[in-house]
Amino acid sequence: MQRRSSWWYQGAVDAIIPYKEILQMYWEKATSFVNAQCEGLEPWQLVGLTFSSTLLSVWLHGFLFQSESLMSRTKKQFFKLLRKMPFVGAMIQKKIDEALNDVTSSLSFLKDEKDYIKALPEQGMSQPEVLEKMKEYSAKGDVRWQDGKVSGTVYSGEEKLTHLLVKVYGEFAWSNPLHPDIFPGLRKMEAEVVRIACTLFNGGPNSCGAMTSGGTESILMACKAYRDLAYERGIKQPEMLVPVSAHAAFDKAAHYFGLKLVHIPLTKAMEVDVQAMRRAISKNTAMLVCSAPQFPHGIMDPIEEVAELAVRYKIPFHVDACLGGFLIAFMDKAGFPLKRPFDFRVKGVTSISADTHKYGYAPKGSSVVLYSDKKYRSYQFFIAPDWQGGIYASPSVAGSRPGGIIAACWATLMHIGESGYVEATKRIIKTARFLESELRKIDSIFIFGKPEVSVLSIGSDTFDIYRLSNFLAAKGWNLNVLQFPSSIHLCITQLHTKPGVAEQFLKDVKDSIEDIMKDVNAKTTGMGAIYGMAQSVPDRSLVAEISQAYLDGLYSTDVPCSEKHMNGSPGHH
């Protein structure tokens, strides 16, 4: 046996010798070439050349490998230089100013404001005076969400539930989960909300999570956790692979936390392209993302297939169920089983975000981020052990948080119960399926993909779909306007399940299309025109600049100087 091993070893050595000689020959040629190039150089020149080459290599690496792609940075720099050119820059600025005026004049919440309170009253108002002023502010606006003419936004609005939430919030108005020793009952409520959510999404005994202020913070926390995990694994420039249809909160997380965002395209069915995601995986990939469902078109991503990639490459996988999480969790029992699983039953899913303030019907300002194991949640936490004020530890972005919101969320879950959620889900999905079926019968419009939950995205190959949005706005509807591709969507809530609401929507859509078809090529105006223009602008920094006018408008206390039509619809103000 020993002789046979010796023979095998000798054979292997003999086989390697020719390759060794070839490598040695090339090495000698290389060294001879380098020595010839350096002949005549003094030692200080060699040192200087080496030092300069090293600095150039470090700079080149830093320039090429950044969180933002080289192509994106090159485009930005090109358009920045273009705007500095005298004649071209003046033309661009003129168009920007026009667009800014259009945006400002289209902000309905700034209209009819005659005065603002800009300083504290010398003497405080009495309670009746404050309440009277509050009613005045509450009555502002033309859109009545109570009539069910708004996409999403208010998911329940049920009067009895509202009364309960007001009482609960009053009981916990002064509470703060930052002080669990002072408010132990509030701590228990938050822990129970998280555990209930873990149970709903089929988490195991080690599943865990935290409450947050909303879907954006839930997503931010998952991204922060996986970024820190990536750092620990030695990944210096973490990347996350995110479908182009995923929520913009992932873009915000990339911006805030220095992550590189790699957008993955969709298939014709508006699902994330799994093969494209597989090809995008690299040694820097810190997390994979899917939506259940995604916001623009209401489509469920192929979570099982992406989870297989997560397991194969040992990458954390986040499922964003912020929009429909508290619907899809009950769809099976409501008689509308989904085609594919989406939660912790799928091996490879390591975290889920779901908004209790949407189809959980809790008041705004509550969401949950859940993890399959505590080892992931630990990376979400922030701890400052050396602060002079004491050891500071917080589970999420905020320090102090409104205890009243947590208590109201807990009360909502307790009051509605499983049977209540199942019944609400049944009504909503039934309405969504009815609307989808009827909308597909209408010529000149189509539904994107095959939505399974509560969002219907409408497009058209015949006319500018933004015109339909304008005409519906004139009839009192408030839909979501989407881009890339141009579309509008309706997010169905409990308000749309009221008698006659769905039928009225269908009638208004048909009537609007009938009016549009009288002049198919008519110019789109109002916000529809602004969205159409925004999609065609190659310099996206210009779109961002114009969008800032909207954000500035939110904090404006200036009285509008003129009245203009908004939404581009006849006679609609």
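Asn202 lies in the loop between α7 (184-200) and β1 (208-212). The model is predicted, and in it the phi of Asn202 is near 60°, a positive value in a residue other than glycine. Most residues other than glycine have a negative phi, and most peptide bonds are trans. With a relative accessible area of 35%, Asn202 is partly exposed.

Met270 also has a positive phi, near 70°, and is not a glycine. Its place is in the loop between β3 (260-264) and α10 (274-280). Met270 counts as buried, because its relative accessibility is 11% and the cut-off for buried is under 20%.

Next come the cis peptide bonds. One runs from Ala292 to Pro293, with omega near -5°. Pro293 sits in the loop between β4 and α11. Strand β4 (residues 285-291) is mostly covered: seven of its seven residues are buried. On one hand, β4 pairs in the parallel sense with strand β2 (residues 239-243) over three bridges, where Met240 stands opposite Met287 in β4. On the other hand, four bridges join β4 to strand β5 (residues 317-320), and these two also run parallel. Val319 in β5 is the bridge partner of Cys290. From β4 the chain passes through helix α11 (residues 303-313) to β5, a β-α-β crossover that is right-handed.

Another cis peptide bond joins Phe484 and Pro485, with omega about 5°. Pro485 is found in the loop between β12 and β13. Both strands belong to an open sheet of four strands, with antiparallel pairing and the order β10-β11-β13-β12. The edge strands of this sheet are β10 (446-447) and β12 (480-482), each of which pairs on one side only. Strand β13 (residues 487-491) is joined by four bridges to strand β11 (residues 455-459), and the two run antiparallel. In this pair, Leu456 stands opposite Leu490 in β13.

A note on confidence is in order. The average pLDDT of the protein is 89, and 89% of the residues score at least 70. Over residues 563-573, however, the pLDDT is below 50; this stretch has 28 contacts in the model beyond near neighbours in sequence.

Key: Residues are numbered from 1 along each chain as its sequence is written. This is a predicted model: local features need pLDDT of at least 70, side-chain atom pairs count only at pLDDT 80 or more; totals for chains, interfaces and linings use all residues. Side-chain values use heavy atoms; hydrogens and water are left out. Buried means under 20% relative accessible area, exposed over 50%, partly exposed in between (1.4 Å probe, protein chains only). Two strands pair if DSSP finds at least two bridges between them. A crossover is right-handed if, with the strands pointing away from the viewer, the path from the first strand over the helix to the second runs clockwise. pLDDT is the predictor's confidence in each residue, from 0 to 100. Contact means heavy atoms within 4.5 Å.
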